[in-house]
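Have the sequence and the 3D view open as you read.

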Amino acid sequence: MRNVGCGVLLVVVIAFMPYSLWGGEKGEEGTSDDILIRVQATYRDVNDLTADFVQKTYIQGFDEKVFKGKLYLKKPRMARWDYTKPVKQNIVINGDRIILYMTEQKQAIIQKASAHPDAEPAMGILSNIEKWQESFTIKSEDTTGDFFRVELTPKSMTMVKKVVVEIGKKTSHIERLTLFEKSGNKVSFSFSGIKFNNGIKDSLFDFKIPRGVEVLEY
């Protein structure tokens, strides 16, 4: 998944997270508790979400790669990333099953989310909020400008060094996030056109691999 999906599993989970464990640090525009109330109120009743995204991937020794597409999320464990530019690809997560479908290569890769080395702490961001303090060091960063910034530092993840999440002050939406890998690589996502509770059907995540496609299972 390196060409488009660096850290996608973690990103899928983060995009839904209600911030309920931040401490009482003070910023220029109030305490982190104030931010908690706003964001939690925004995401409390969210069952599904759609958004346009721009992904920028930085790999040491290579030029920056920019990808665009559409994201669909549905609780509790369904997500679909439809990449449209510059290549068409799909990443679909339905429960414990991940499918990466590469249109041009006519190839599909199937993997279990539970087989991903960073899956447990990543899934914990959404499904086990009470375990955040076990998996991450959490702190508020910059409260100036148009965004609140929060840094999550994993305690045990194999690839990810830290995740910086940016929340829009006007919208209380998670609008940007950046994953920093231990290797020095990083991937950033910007979300726009965010819409909640569109009534997304489960069938959207029941991805059917076309005939004639090479299927690799791990």
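How many bridges join strand β11 to strand β12, and do they run parallel or antiparallel? Seven bridges join β11 (residues 160-168) to β12 (residues 174-181), and the two strands run antiparallel. Strands here are DSSP runs of E with at least two residues, helices are runs of H or I with at least four residues, and both are numbered from the N terminus. Two strands pair if DSSP finds at least two bridges between them. One of the bridges links Val163 to Leu179 in β12.

Before going further, a word on what you are looking at. This is a predicted model, in which local features need pLDDT of at least 70 and side-chain atom pairs count only at pLDDT 80 or more, while totals for chains, interfaces and linings use all residues. Residues are numbered from 1 along each chain as its sequence is written, and side-chain values use heavy atoms, with hydrogens and water left out.

Now step back to the whole protein chain. Its secondary structure comes to four helices and 14 strands. Of its 218 residues, 46% count as buried, where buried means under 20% relative accessible area, exposed means over 50%, and partly exposed is in between (1.4 Å probe, protein chains only). The chain exposes about 11,000 Å², with carbon and sulfur atoms supplying 48% of that area; the areas come from the Shrake-Rupley method with a 1.4 Å probe. Among contacts with a separation of 6 or more, 50% are between residues 24 or more positions apart, a contact being heavy atoms within 4.5 Å.

Next, the sheet. It is an open sheet of 12 strands with mixed pairing, in the order β9-β10-β11-β12-β13-β3-β4-β5-β6-β7-β8-β14. β9 (136-140) and β14 stand at the edges; each has a single partner strand, so one side of each is left without a neighbour in the sheet. From one strand to the next, the twist averages 20 degrees, using axes that are lines fitted to C-alpha atoms and angles from 0 to 180 degrees between N-to-C directions.

Let's look at the β9 end. β9 and β10 run antiparallel and are joined by five bridges, with Phe136 partnered by Pro154 in β10. On to β11: it pairs with β10 in the antiparallel sense over six bridges, and a hairpin of five residues connects these two strands. Leu152 has Val163 as its bridge partner in β11, and Val163 is the residue that also bridges to Leu179 in β12. β10 is mostly covered, with six of its eight residues buried. Glu151, found in strand β10 (residues 147-154), is buried at 9% relative accessible area. Its side chain makes a polar contact with the side chain of Thr153 at 3.2 Å. A polar contact is a pair of N or O atoms within 3.5 Å; within protein, one must be able to donate a hydrogen and the other to accept it, and residues adjacent in sequence count only if both atoms are side-chain atoms.

Glu217 and Ala108 are 109 residues apart in sequence, yet their C-alpha atoms are 8.5 Å apart in space.

What about the interior? In soluble globular proteins, nonpolar side chains tend to be buried together. A nonpolar core is a set of buried Ala, Val, Leu, Ile, Met, Phe, Trp, Tyr and Cys residues joined through side-chain atoms within 4.5 Å. The largest one has 34 residues, of which Phe53, Trp81, Tyr83, Leu179, Phe189 and Phe191 touch the most other members. Another core, of 10 residues, lies apart from it and includes Val92, Ile110, Ile200 and Val213.

Finally, some loops and their backbone details. A cis peptide bond joins Lys85 and Pro86, with omega about -5 degrees, and Pro86 sits in the loop between β5 (78-85) and β6 (89-94). Lys106, in the loop between β7 (97-102) and β8 (107-112), is not a glycine but has a positive phi of about 50 degrees; this residue is exposed at 57% relative accessibility. Asn197 likewise has a positive phi, near 50 degrees, in the loop between β13 (186-196) and β14 (214-217), and is partly exposed at 41%.
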